[in-house]
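Biologist: I would like to learn how to read helix packing and sheet order in a model. Could we work through a case?

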Amino acid sequence: MTTLDTGPAAAPRVAFYNDPVIRGIIYQVVVAVLLVTFIAWIVGNTATNLAAQNKTTGFDFLWKTAGFDISFSLLPWSRGSYYWEAFLVGITNTLLVAFIGIILATMLGFTIGIARLSSNFIVARLATIYIETIRNIPLLLQLFFWYFAVLKAMPAVRESLALPLDIFINQRGLMVPRPTPDQEFTWVLVTFGLALAGAIALGIWATRVRTLTGKYPREVVLAGKVADACVTFLVAFTALFILFSVAFPLSHAPLVAAVVAVVLAAFSLTRFAAISRGVLTFLIAFVLLDTIVGAMFAWVPSLLVSVLSAMIALTIARVGYVGALSRPPSEARFPLALLVLIALGVPGLVYWLTGATLVFEVPVLQRFNFVGGLQLPPEFVALAFGLTIYTAAFIAETVRGGIQAVSRGQTEAAQSLGLKDGDRLRLVVVPQAMRVIIPPLTSQYLNLTKNSSLGAAIGYPELVNVFAGTSLNQTGRAIECIAMVMLVYLTLSLLTSAIMNWYNARVSLVER
Amino acid sequence: MTDFGFVRADMVPSKPAPINTSGVGAWFRKNLFATPLDGVLTILGLVFLVWIVPPLYNFFIGHAVGPGGTVEECRLENAGACWAYISSEMEFFIYGFYDIPEQWRPNIVFALGALLLIPLLIPKVPFKRTNAVLFLLVFPVVSYFLLAGGVFGLKPIPTEKWGGLLVTLIISVVGISCSFPLGIILALGRQSKMPVIKTLCIAFIELIRAVPLITILFMASIMLPLFMPQGTTVDKLLRALVGVTLFTSAYMAEVVRGGLQAIPRGQYEAGASLGLGYWQRMYFIILPQALKHVIPGIVNNFISLFKDTSLVYIVGMKDLLEAVKTKNDTALEWQSANTATTGYLFAAMVFWVFCFGMSRYSMYMERRLNTGYKR
Amino acid sequence: MSQVSETTVDRPVDTSHMKVSSTNVAIEVIGMHKWYSDFHVLRDINLKVMEGERIVIAGPSGSGKSTLIRCINRLEEHQEGQIIVNGTELTADLKRIDEVRREVGMVFQHFNLFPHLTILENLTLAPIWVRGIPKAEAEATAMHYLERVKIPEQALKYPGQLSGGQQQRVAIARSLCMQPKIMLFDEPTSALDPEMVKEVLEVMISLAEEGMTMICVTHEMGFARQVANRVIFMDQGQIIEQNEPEAFFSNPQHERTKLFLSQILH
């Protein structure tokens with residue numbers, strides 16, 4: 001600031017202490033001297049204090065055995081492991097819960113953010129209530145609530161709550177089936193990777209051809225039609241099979257389902273495609289609603305639930321039907337079904353051909369505890385759940401802000417050019433909104449990672465708990481332990497902001 | 001050319017809108033059933049509400065045991081929230097272990113705080129500067145002596161005994177009033193042209209913002225005693241205050257910086273051309289404008305700070321949340337299926353009321369500032 | 001009424017090419033009403049626009065002129081009466097709305113260019129994705145229209161790098177790339193600095209000279225005199241008076257028209 005005052009070169013001579021440049025230097029020297037003195041004082045005090053307590057300093061403790069248990073670890077851990085291994089376990093546990101939290105919070109947050117902008121009063125209001133409730137309550141309180149009031153109040157092991165798909169909840173956490181793939185299954189995973197890459201490449205190529213020539217490639221369009229029919233068949237078959245074997249049991253459920261599904265698939269190739277789609281929508285909606293609403297209102301007679309579900313599903317089916325009517329012909333449509341079929345169907349074929357097996361080891365209740373399966377400790381579940389719920393509220397606000405930042409004029413301009421809703425979102429609204437959303441979204445991810453340190457308060461063995469807690473208490477190396485922990489967070493933060501700076505420089509709108 | 005001369009003879013009077021564009025029916029059509037998809041969402045939303053509202057109502061009100069109820073009622077099979085537990089432990093939740101006969105002292109502090117804060121928040125009330133000085137400088141000193149005692153014949157009460165909502169509010173108010181000036185100084189330092197000062201401020205701000213509060217509090221709790229000359233003991237409350245203040249000041253600095261950057265360059269130059277010195281320029285011209293711009297950001301920081309006070313359990317202070325948790329774990333005479341849930345819900349409601357109030361206030365200020373100040 | 005301007009282009013405008021069809025109807029609005037909840041914004045609008053007409057809609061702000069032309073490509077929906085564009089009646093049917101929007105170009109007061117795309121991409125976006133025109137062809141068309149609006153050298157820049165007048169010319173070119181039969185202008189010069197108004201008007205006039213059907217909501221009375229074949233005056237959501245420009249300006253009939261003109265023309 002002071003250099004601002006520098007006058008022209010021919011300014012009259014001033015006393016040296018009034019010269020802004022010299023004055024600035026004096027200020028800085030004073031500050032630097034004060035700071036150095038202060039640090040020296042602290043270092044001196046610390047040295048005296050440590051000496052008085054007979055404590056040593058240094059990082060040699062990292063190569064000593066830790067000798068404590070860690071309840072949850074991805075890396076191999078035993079009491080004989082070293083402190084540096086404890087450090088790594090802490091980091092991986094932090095990153096694990098942060099990673100899962102980020103994925104779930106992004107999905108939930110985007111849904112709620114979009115819901116908040118909905119023109120539907122009830123949907124928008126529910127989203128607002130969610131956001132305003134969650135973000136005004138401390139995260140630690142929410143974690144305590146989920147951990148002590150909800151998970152710890154779950155039934156004991158013997159009375160575990162059984163959820164669908166062999167998942168169980170009890171005081172000791174969440175028991176889920178553990179996938180145990182065999183040797184051949186590696187090939188399935190490899191083909192899945194390849195098929196996914198192939199599908200994406202095909203999608204990009206088809207889009208490029210579409211821009212260059214105005215049409216999607218003929219082969220792709222043809223294959224797309226077949227894929228449409230296949231997907232229709234598969235989805236219809238699944239829905240019908242569930243319907244006829246669970247909700248309304250029939251004797252030849254698979255056969256009936258297959259016949260109806262074939263008819264629907266055949267229809268989807270003709271000009272009655274919209275009807276086929278309407279029926280398909282009805283089936284999916286009905287199966288889902290009947291199951292979910294039935295579970296929500298267990299005290300309502302199941303016939304009533306079915307009738308209600310059918311009515312709602314009919315309305316949804318009408319939406320599907322009308323939507324299908326205004327769909328462009330398959331020549332002008334992005335071949336999404338084909339890509340999905342490639343990405344999932346090819347590995348499925350390999351799975352069937354190689355005879356690979358993917359057995360799920362189901363958790364089984366033995367005398368005192370569950371055996372087998374993947375047992376997620378309640379600390380992990382509570383922390384992941386709490387972080388997701390909390391961060392989603394902030395992400396939702398970010399998303400809402402980003403979408404609102406795209407002015408109404410952009411939408412109107414796109415509409416007046418005749419762009420369809422899907423193209424308008426894809427080409428005009430989303431690219432602009434994402435530029436606004438991504439920087440704050442990243443800082444929310446960083447916040448989530450930092451907030452995962454609150455796991456220490458409910459006993460999840462993340463970095464702060466393992467290293468600034470247990471290890472520090474055992475070794476007494478306070479300065480070293482805390483410095484190492486802080487360094488990890490500092491690195492994460494600097495990395496993120498470096499990436500963000502690069503991103504912002506790349507996408508910022510060019511202005512005059 | 002065709003002759004299309006036209007002059008309107010009689011003005012068309014305003015007609016009421018057709019039934020489907022105004023009134024209740026139109027509201028329903030527009031907000032609930034605008035498209036078939038909207039209709040579906042409405043129905044699904046209603047199904048969800050029907051599912052969730054009755055159990056919530058029963059838990060909070062219908063089957064809840066009100067204040068004055070007994071623990072036996074709370075232990076019944078279908079009992080809802082156990083508000084009786086809250087009302088019977090209320091004193092602990094508000095004052096912690098503060099001596100019961102001396103509780104009039106925190107009460108006076110609460111009343112005084114409210115008395116000074118409310119006129120500060122209402123834009124129309126005059127004497128803002130005096131009021132702010134009273135609240136930020138005089139009030140903390142008075143409160144400290146009133147609460148800690150040891151002077152004027154008041155019984156000394158060590159800070160270890162303070163707890164509950166009292167501690168939550170003390171930490172927030174002190175944290176707010178200390179981190180605010182510190183944040184301004186850091187922000188000015190970051191904008192400074194002196195490299196040493198600028199680097200120091202940037203390093204401090206970025207370091208603090210990079211790490212979680214919990215590690216700062218660990219540091220305050222474990223390392224602060226090490227840094228002090230031998231023999232000095234650092235009060236636990238003071239440790240918490242130092243940690244929270246340093247943490248918040250870094251965030252405050254970033255908010256203030258945003259405000260400083262929004263000030264047009266001309267304002268700086270105008271100040272300089274009037275012959276004002278640096279501090280005069282800042283105090284009279286730049287800061288009043290910059291801070292006004294970022295009031296919402298400042299309030300949001302206060303909300304975060306208020307929520308973050310719940311972390312001071314790390315240094316061993318019993319704030320509201322920690323007080324509730326302690327009682328949940330130890331009050332055996334109140335043990336029932338819903339005791340812990342009720343305790344946390346109560347704490348959540350208290351925090352929510354404060355935070356929601358602050359956020360509404362910030363929105364109100366934002367609207368007020370927007371109307372009078374168009375750029 | 002300070003925004004009213006009398007800017008004219010410094011050349012004689014030859015209206016003899018501007019043929020108005022006597023048989024082909026471009027737009028027909030019959031007994032149209034529109035409300036914003038309880039507010040009656042458009043009242044009993046009747047308007048028949050023949051192919052090749054250049055219509056200027058004038059009126060005080062809040063008189064519903066912008067709302068009227070926004071109804072014509074269904075950016076707003078009307079509640080009573082009919083709007084028929086190119087023989088297609090506008091209803092809630094999305095297919096018809098798309099059909100109409102493909103044939104009707106619109107230019108906005110604030111340009112509404114897509115800031116994340118280059119000028120060329122702005123121009124080719126709709127032809128490629130709506131009409132399915134090959135990219136090379138779309139780009140050739142785009143360059144053709146950029147030359148028409150006299151800024152081909154800006155093709156690879158972003159909208160933010162252009163002046164207001166240039167942006168508005170790009171916006172006009174963007175609409176033209178869809179080869180519309182009708183152009184709607186919603187106060188195209190109101191957001192521009194005075195020295196840029198002329199370059200935009202120049203483009204609009206050359207469009208008129210090629211026989212484009214145009215409806216302009218504008219305060220450019222000079223443009224109305226030079227180019228329009230009909231001026232419509234609106235107030236309180238209704239059409240008060242319409243006439244040929246000469247007669248409209250020299251001999252207004254209705255009290256409100258007289259008042260309006262006396263306020264803006266000195």
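**Reading sheets and helix packing**

Modeller: In this predicted model, strand 1 (residues 25–36) and strand 4 (residues 80–85) of chain C pair in the antiparallel sense, over five bridges. One bridge sets C:Val29 against C:Ile83 of strand 4 of chain C.

Biologist: Which order do the strands of that open sheet have?

Modeller: The order is 2-1-4-5 in chain C, four strands with antiparallel pairing. Strand 2 (39–50) and strand 5 (88–89) of chain C each have a single partner strand, so one side of each is left without a neighbour in the sheet. Helix 1 of chain C packs on this sheet and touches strand 1, strand 2 and strand 4 of chain C. The direction of helix 1 makes about 120° with that of strand 1 of chain C.

Biologist: How many strands form the open sheet with mixed pairing, and in what order?

Modeller: Seven strands form that sheet, in the order 1(B)-10(C)-9(C)-3(C)-8(C)-7(C)-6(C). At the edges stand strand 1 (6–7) of chain B and strand 6 (104–107) of chain C; each has a single partner strand, so one side of each is left without a neighbour in the sheet. Within the sheet, strand 3 (residues 54–58) and strand 9 (residues 230–235) of chain C run parallel and are joined by four bridges. C:Ile57 stands opposite C:Ile232 of strand 9 of chain C.

Biologist: Which strands does helix 1 of chain C touch on this sheet?

Modeller: Helix 1 (residues 65–72) of chain C touches strand 3, strand 6, strand 7 (182–186), strand 8 (213–217) and strand 9 of chain C. Its direction makes about 150° with that of strand 7 of chain C. Helix 5 (residues 164–176) of chain C also packs on the sheet, touching strand 6 and strand 7 of chain C, at about 170° to the direction of strand 6.

Biologist: How is a pair of packed helices described?

Modeller: By the angle between their axes and the distance between the axes. In chain A, helix 5 (residues 185–213) and helix 10 (residues 336–354) pack at about 160°, with their axes 8 Å apart. Angles over 145 degrees count as roughly antiparallel, so helix 5 of chain A is roughly antiparallel to helix 10 of chain A. The crossing is right-handed. Among the contact residues are A:Phe185, A:Trp187 and A:Phe192 of helix 5 of chain A, and A:Leu338, A:Ile342 and A:Tyr351 of helix 10 of chain A.

Biologist: How many residues of that contact are nonpolar, polar and charged?

Modeller: The contact has 17 nonpolar residues, two polar and no charged.

Methods:
Residues are numbered from 1 along each chain as its sequence is written. Chains are lettered from A and ligands numbered from 1 in the order in which they are written. This is a predicted model: local features need pLDDT of at least 70, side-chain atom pairs count only at pLDDT 80 or more; totals for chains, interfaces and linings use all residues. Side-chain values use heavy atoms; hydrogens and water are left out. Axes are lines fitted to C-alpha atoms, for helices over the stretch in contact, and angles run from 0 to 180 degrees between N-to-C directions. Helices (H or I, at least four residues) and strands (E, at least two) are DSSP runs, numbered from the N terminus. Angles under 35 degrees count as roughly parallel, over 145 as roughly antiparallel, 65 to 115 as roughly perpendicular and the rest as oblique. A crossing is left-handed if the near helix is turned anticlockwise from the far one by less than a right angle, and right-handed if clockwise. Contact means heavy atoms within 4.5 Å. Ala, Val, Leu, Ile, Met, Phe, Trp, Tyr, Cys and Pro count as nonpolar, Asp, Glu, Lys and Arg as charged, and the others, Gly among them, as polar. Two strands pair if DSSP finds at least two bridges between them.
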